[in-house]
Amino acid sequence: MNTEFKKGIVFAFGAYILWGVLPIYWDLIRELGAFEILAYRIVLSMIFMLFVVVFTKNTEPFKRDVHQLFTNPIQLIAIIAAGYVITINWGTFIWAVANGHVLQTSLGYYINPLVSIIFALIFLKERFNKLEWIAIALAVIGVLYMTLKMGVFPGISLLLASSFGLYGLIKKLVPIDAISSITIECIATAPAGFIYLWYIWQQGSSSLGVNSSSFWLLFSGAITAIPLILFSAGARRIPLSLTGFIQYIAPTLMFVLGIFLFKEPFNIDQLVTFIFIWIGIIVYSISQYFKIKKDKNPVIR
């Protein structure tokens, strides 16, 4: 196992552990409204990423990537769309934590890989093996069970899974440097953040003030960007299939936090739903294992 491969594993683990414990951070700033938090998160993320570009001496690559996008309008539109899609994901996550739905966020990120392969089927015309179809079917059964048996449609889970899956699909179609991409996405969405903040300031409805929530909010840019940077650094060094296994750290941590820290109710019907999802994940993971064995060069996938 070479040094770069080991670094890739460490970076990927770091990204998913940070994503997994994010509910704790967003709970610290629950005194602010979810949309106000989202607006500040967008603006502060842009500021943080611009500092990253400068201090990591990525100014020239960033300029080249911007020039590439402006000479290819379709890619430019795609990266702007990616920024707004991930903003929907951020907003949904923040709202869910603030309103006691951490378990639904966990479910959303468990089913995200399965949603992603459905997108690959629809948009990239990829073919799936029998195990992947079984994994998708189990996830669908789990969602239907929750909807019919509990009378609760897991809208939060599906919105998180579909928005992150769509984000990944768009990013796959725009081949530019990760830091440049994240920075451009933040710049593209910043006007929406500024407009919303200006609106609530004009209305006198801003919750920002001298309190602990406002203090912790200052770190939201770094909290947002650092896992994305770690993920990008890890993804460049290890196989995509291995990243797929590591990603289950995040929803597992969210699941544990939802039950033991946030004390969310968890009944037998929810357990049945999660069991279907977990079995689907196991089946999906087995299918990926077989793909790795067949791949002659898995490290560069």
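Student: Which residues lie nearest the centre of the largest cavity?
Tutor: Trp 19, Asn 89, Tyr 109, Phe 164 and Met 254 do, among the 17 residues that line the largest cavity. A cavity here is a set of points, on a 1 Å grid over the protein atoms alone, where a 1.4 Å probe fits but cannot get out, and a lining residue has an atom within 4 Å of a point. Please bear in mind that this is a predicted model, in which local features need pLDDT of at least 70, side-chain atom pairs count only at pLDDT 80 or more, and totals for chains, interfaces and linings use all residues. Residues are numbered from 1 along each chain as its sequence is written, and side-chain values use heavy atoms, without hydrogens or water.

Student: What is the volume of the largest cavity?
Tutor: The volume of the largest cavity is about 260 Å³. A volume is the space filled by probe spheres set on the grid points, which are joined across faces, edges and corners.

Student: How many of the lining residues are nonpolar, polar or charged?
Tutor: The lining of the largest cavity has 12 nonpolar residues, four polar and one charged. Asp, Glu, Lys and Arg count as charged, Ala, Val, Leu, Ile, Met, Phe, Trp, Tyr, Cys and Pro as nonpolar, and the others as polar.

Student: How many cavities does the search find?
Tutor: Over the whole structure, two cavities of 30 Å³ or more are found. The second largest cavity holds about 30 Å³ of space.

Student: What lines the second largest cavity?
Tutor: Its lining consists of Gly 83, Ile 86, Thr 87, Trp 90, Ile 182, Glu 185, Cys 186 and Thr 189. Two or more of these residues come from each of H4 and helix H8 (178-203). By class, four are nonpolar, three polar and one charged.

Student: Turning to pockets, what is the volume of the second largest pocket?
Tutor: The second largest pocket contains about 220 Å³ of space. A pocket is an open set of points with protein on both sides within 12 Å along at least five of seven lines.

Student: Which residues line the second largest pocket?
Tutor: Gly 100, His 101, Leu 103, Gln 104, Leu 107, Met 146, Met 150, Val 152, Glu 264, Pro 265, Gln 270 and Phe 274 line this pocket. H5, helix H6 (130-150) and helix H13 (268-294) each contribute two or more residues, and H5 has the largest share, with three. Seven lining residues are nonpolar, four polar and one charged.

Student: Now the backbone. What is the phi of Lys 57?
Tutor: Lys 57, a residue other than glycine, has a positive phi near 55°. Lys 57 sits in the loop between helix H2 (34-55) and helix H3 (59-70).

Student: Is Lys 57 buried or exposed?
Tutor: Lys 57 is exposed, at 74% relative accessible area. Exposed means over 50%, buried under 20% and partly exposed in between, with a 1.4 Å probe and protein chains only.

Student: And where is Lys 263?
Tutor: Lys 263 is in the loop between H12 and H13. Although not a glycine, Lys 263 has a positive phi of about 55°. Lys 263 is exposed, with a relative accessible area of 62%.

Note on methods. Helix = DSSP H or I, 4+ residues; strand = E, 2+ residues; numbered from the N terminus.
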